[in-house]
Structure formats: C-alpha cells, structure tokens
Amino acid sequence: MTHKIIYLVITTIVLLGCSPTKSTADDLVNRISNHTAKGIQTEIIKSENEKDYFEIEGKNGNIIVRGNNTSSITAGLNWYLKYVAGIHISWNNLTQDFPDQLPVPERMIRKETDQHLRYYLNYCTYSYSMAFWDWPRWEKELDWMALHGINLVLSITGNEVVWYNLLKRNGYTTEEINEFIAGPAFLAWWQMNNLERWGGPNPHEWYRNQEILQKKIIARMHELGIEPVMPGFAGMVPRNIGEKLGYNISDPGTWCTFNRPAFIKPDDPHFNKFADMYYEELEKLYGKVKYYAIDPFHEGGSVEGIDLDAAGQTIMAAMKHANPDAIWVAQAWQANPRPAMIENLKQHDLLVLDLYSEKMPQWGDLNSAWYRPDGYGKHNWLYCMLLNFGGRVGLHGRMDHVINGFYQARGHQNGKTLSGVGTTPEAIENNPVMFELLYELPWRSEKFTKEEWLSSYTKARYGESNAEVDEAWSLLAQYPYNCPREYPGEGTVESLFCARPSINPKRSSTWGSALLFYEADITRQAAEKLLSVADLFDDNVNFKYDLVDVLRQSLSDKGNELSCRIGKAYENKDIENFKVLTDRFLYIIQCQDKLLATQSNFKIGNWLEQAKSLSQAKENRDLYEWNARTLITVWGNKSAAEKGGLHDYSGREWNGLLSDLYYYRWKLFFDNTTKEMLGENVSPIDFYAIEEAWTHQQKEYNNKPEGNVLQVAADVYKEVFGN
C-alpha cells in the first residue's frame, strides 16, 4: 500500500511537471498578425534536460508551438513563420495579415540549445535609432525581440528620471540637474560617462513621458520572458558634486573634447551612500532587477589614481547591497573591462559582452587585434555581433566570421564560460539578414555554411524560391556581406555622397572607410538580377525593401568609384573631364534621393517626425527636432565636430538629407574647385557653419513613401547604368 501511494505521488508530480501551461505568446501572435492568425496554439512544458527548447507540430489542423518558457516558444513561433509559412516579420514589415489557412509542418520540428542567454542592444542604439520612439513603435520592437528568442535586453529608457529624482533628493535644483543630464538624442553617451548636458535642457514633459514609457516597456518585457538590464551605478556623478556636496572625486578627462562626468573614488565613504540612494530610486520607479549594466572608464576614460581592484569590488558590493542576486553586465570594448577591475570578482557575478566578436573578439581568438589570452577568465560571456556604427547606411556583414567564430568559440577552452549570443549594434533597422543569422546560431547544433543557410532565408523572406533572387543573394553574401576582418573601417563601406567634400576622400566619418573591397559592379549585378524578377514579387513588402536597399548600395558604390576618377581629373588638371564627372556624381545623388523616397525607412522625414510627434508644445518640438538633426550631422559643438572627429559619424544616406545637405555641400565644393582650377582665388568652405545652420532649419519633410517602388527602381537603374 505504501509503495502504491509513493508511486501515485511521484506520477502526479511528473505529470504536473509535463502538463502544458498557456503562454503569453498568444497575445503576441494576435499583435504581429493584426489579429488575423488562426489555428496557432502555444504551450509551456518544462524541459527534460535543462536546455531551452521549442517544438512545432501540426495537430488536428492546428499549429502547436511548445517550449520550456515564453522566450523559447516565441523563437519557435518565428521559426515556424519563416521556414514553414514563408512569413518574415522584419523591421520594414513588423506586422502583417496572415493567410486564412496556415500550412501545417510535415513532421515535428524540434530545436534546443544550452546557450540560455540571447542579448540585445547597445547604449548607442537608444540614441541612433530609438531616441524618439513612442509606445506603438516600442511594442512592435518588443515583439520582434521575442520572435528572435531574445531574453536579455539593455533597458535604459527613462533612467534620466532616476537621476533627476536622485539629484533632487541631494539638493540639486532642476536647472542644475539639466546642466548634468544630456538632451534626448545624446542620453546614451551621458549614461556611458562620456559627456554632460549636451542637447538639453530637457523639459519636464520629457521626464514624465519617459517614465511612463519605461514602465510600459518593463511590463511587456516581463510578459514576454525578457529580463531587462538596467544601468547600475558606476561611480559617475556631476562634475560639480565635489564643491556642492564635498565628495572626493576624480576627473576622468574628456571624450571627443566633451568634459566627462566626474567619478567618485571608491575609497570615499560617499560612494556607498550615493550608490544606495541610486538603487533605491531606480527600484522605486521600475522595480528590482537582476542584471545591471555598468561600464566605468568607457572609451579611454582616465584611471589615473584609481585602484581598479578596489573600484570593481566597491561597484559590485554596492550592486549586491541593492540585490544580492544581481549580476553585473559589462561591455568588452577597447581596454574595458579592465582586467584588474574584474579578476577578483566572484564567478557568476559578472557577465561580459564580447561586443565585437565578428571583428575584434576578446574571448581568446589568437587572430584578433584585441586578443586576451585568457579571455574573461572565470567569468561568463556572450558572443556578440556589433555590425553597425552610428546608423550609417550600407549593406554590411561578416557572415563567414559570424558563423565560424561562434563554433570556434564554443570549442575553445574559453568556451566553457560561453553562455549565449547577442547583438550590440549602435543602430538597428538595417541589414536584417545578419540579425536573423546571429539569433539562429544557438538553435543550430551543427556548424553550417552561409550558402546552406541563405537558400532557406530567401525563401522565408520572400515566401518562395527564385533562381535569380538566389543568384543575387549569392553575390551579396560573397562580397558586401563577407567583409574581411582586416578591413580598416568601422562598419559598412561608407557612401562618399555623405562625406564632407574633398578631393579623394577616404571616408565619410572619422573612423570609417569608403574603400571598396569588392568590384563596384558586384552590387549592380545583384540589383539587376532582382529587377529582372521584380514583377513576380510586386506584392511582397520585404522584396521591395531589399530591392531598394541593394540598388541604393549599387549607386553608392558607383559614386565611390566616380570619386576616384574625379580625383584623377583634378590631379591631371583636366577641367573638362572634371566637370563631366562631377556633374555625373551630383546627378547620381539626385537619383539616390529619388529612389529612397519610395521607402519611409530611408527618409529624413520619418526620423524628424518621430522627434516632433513627442510633443504638442512648439518649444519642445523645436528642441527635439534640433536634437534629431544635430545627431546625424555635426553631432556636437564645433570643437567636438572638428577636433573630436564626430561630424557625420551618424551620417545617413536618406531621402531629403541627400538632396538638401549632401548635394548642396558637394555642389558648392565642386563649383569652388572648378574656379580654383581656372586660376581664381577662392575662400575655404566652412562646412561646419553650413551643417550647423541646417540643424536649426525647420523644413517639413514628407515621411510617407512616394512613387511606385518597382517603377522608380527600374527608372533609376536605367538612368544610372543604362539599358
């Protein structure tokens, strides 16, 4: 009798552990399908082996997606949509109506992974892409995250409200607080301890609305099984806190000529007191969290006079005092995290983001310029793809390195502490193919090639296979999406249309490069192949977006090639040829502007409208618009733009910006240079003055698509390339 009772109890526990639980993914299905999805059911069933997993199968005409948690289920849902239903939810198409009858998989699909963490975002993303997002846009992004299995996300929206309350608590006035906190488009660099005040002062409305927005974001993250990573306390304080409150501070110096915030020395008793108040204010607003992003001394901050080991221990202790289960999340970028700061921290208390794994890995790859022999020692880390810098537009990726590097890392001795993957782009809404690739890595147990993967990707993205499409993507994957690791610039091959004019420019931004590592005709060939079958995809939004993007790249590459010929004509004093080539260069800028008008994603009007729509008050709308315009042009004041090198760091190959700023700069320069070649005296052009004047303009730009995409693309191709 006793044995029967024990058996009954054990059986009941096992059955309860395996019985399905309804998941919150059902609401996501309704949102992404505009409430048109039918027959998709989701259920949570505990994993039998501690791995994350999802299963997809057909049952009685329905599609069942199950997994061990909400994040696994939503990843499985996306796998079904892409590889069974041929529906690709992408940034250019974040919701779409589903067909009345969804296909049922032929057999059960099961994927599992021991890579439990899938991370997303960079501080910079919050400025270069998300600075002016409202809740409807955030809601779509959160669903996109969930569909990609992302379960750990940097979440810094509204953190300025924490600081506002904290400084008020310490006797600061609103005016003094706004001398510290940066403006809406520059909060990312303020939070990384790089600058103070620039872009402000923020109106009260901004603080109120960002707090409301962040509370909605956090609540939805919890629904979707996503852990927020909130900013922790790194020791950053206002520069005037020494004289105002008597704190013992150090001066971390400057960043691109901006004065950095001060740093409380870890041996100052005020450190713990101030940290406690910070975490209290954070928890009051947004609740207790498990993960905290902390990156002291980012990008060259001075550590002179700082005991790094003591600083690390003090930062960790303050965080643990707020939450004993907390984990410090640090970016591996340049010298950070300083080995002396982390080597004595306990295992499992620190998670390191190997921020630039596709080019400058620090996990232990011998071929990396940022090689660390022991990687991150005992600490857990994530394999991350950075990909984009400044939001600059261009087809770009390192497919082979992303794939091979991940499996190499898994098999390396330092791979024992590899805990997952992540993307850490400075900006998003570009190169969707690379994000799909990265977030599938954990779910693919066996190594694969980009060629094997692409054939299924194009079918998923466009809903059907096509030989010409596959040939176009084969070219793209072999060239622009297979950038050599030794390529000198950060991010994509830069468009010289966006560069400050000069003879033989090498880049459009200070740390980038316009050097083509493939023949310019490659992207033209890819565009030609897509155009040849465009009529077959007339109703496919993803195809039309990609067609415009690929043709845009081919025009940009043509412009870069023309720039070299213009330089030779100048050196040869060939005025006639110089005039012909420069007229052609300017004409292609106009063609590019016309092409990009067909997609709202490529329009300056979309960016500016996001900013202005956040307020009804003219004064606030003007501030937000100035922030939006400044970030993508001069970035900072004249010193930061010129000496700090920040001008055009976030230049965008966008409709409206091409016609009204980039075309104007180049035409003025070419006219000036022609006069110089004819022997006339000309004055140097003050480009900063031109760009800075543009930031104060308030011209209304259309933010809606203009023209028939396929017709405009065909016309532009013919005008630029003939036939």
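Student: Where does UniProt place the feature "domain: Alpha-N-acetylglucosaminidase C-terminal"?
Tutor: The UniProt record, an unreviewed entry, puts that feature at residues 453–718. Keep in mind that the model here is predicted.

Student: How much helix and strand is there over residues 453–718?
Tutor: The chain there is 58% helix and 0% strand. The end C-alpha atoms of that stretch are 32 Å apart.

Student: And where is the N-terminal domain feature?
Tutor: According to UniProt, again from an unreviewed entry, "domain: Alpha-N-acetylglucosaminidase N-terminal" covers residues 24–103. Over residues 24–103 the chain is 28% helix and 24% strand, with the end C-alpha atoms 23 Å apart.

Student: What about α9, how many residues and what reach?
Tutor: Helix α9 runs over residues 204–223, which is 20 residues. From the first C-alpha to the last it reaches 30 Å, close to the 28 Å expected at 1.5 Å a residue.

Student: Which residues of α9 are buried?
Tutor: Among them are Trp206, Tyr207, Gln210, Leu213, Gln214, Ile217 and Ile218. Glu205 and Arg220 are buried too.

Student: Cavities next. How many of 30 Å³ or more does the search find?
Tutor: Ten, from a search of the whole structure. The largest cavity holds about 150 Å³ of space.

Student: Which residues are closest to the centre of the largest cavity?
Tutor: Tyr126, Ala131, Thr157, Leu187 and Gln210, out of 17 lining residues. Gln210 is also one of the buried residues of α9.

Student: Which helices each supply at least two residues of that lining?
Tutor: α4 (125–128), α8 (187–191) and α9. By class, the lining of the largest cavity has eleven nonpolar, five polar and one charged residues.

Student: How much space lies in the second largest cavity?
Tutor: About 130 Å³. It is lined by 15 residues, and the closest to its centre are Gln191, Asn193, Pro231, Gly232 and Ala234.

Conventions
Residues numbered from 1 in each chain as written. Predicted model: local features only at pLDDT ≥ 70, side-chain atom pairs only at ≥ 80, totals over all residues. Heavy atoms only, no water. Helix = DSSP H or I, 4+ residues; strand = E, 2+ residues; numbered from the N terminus. Expected span 1.5 Å × (residues − 1). Buried < 20%, exposed > 50% of the residue type's maximum accessible area, 1.4 Å probe, protein only. UniProt positions renumbered as here; feature names shortened; annotations may be inferred. 1 Å grid on protein atoms, 1.4 Å probe; cavity = no way out; pocket = protein on both sides within 12 Å on 5 of 7 lines; lining within 4 Å. Points joined across faces, edges and corners; volume = space filled by probe spheres on them. Nonpolar A, V, L, I, M, F, W, Y, C, P; charged D, E, K, R; others polar.
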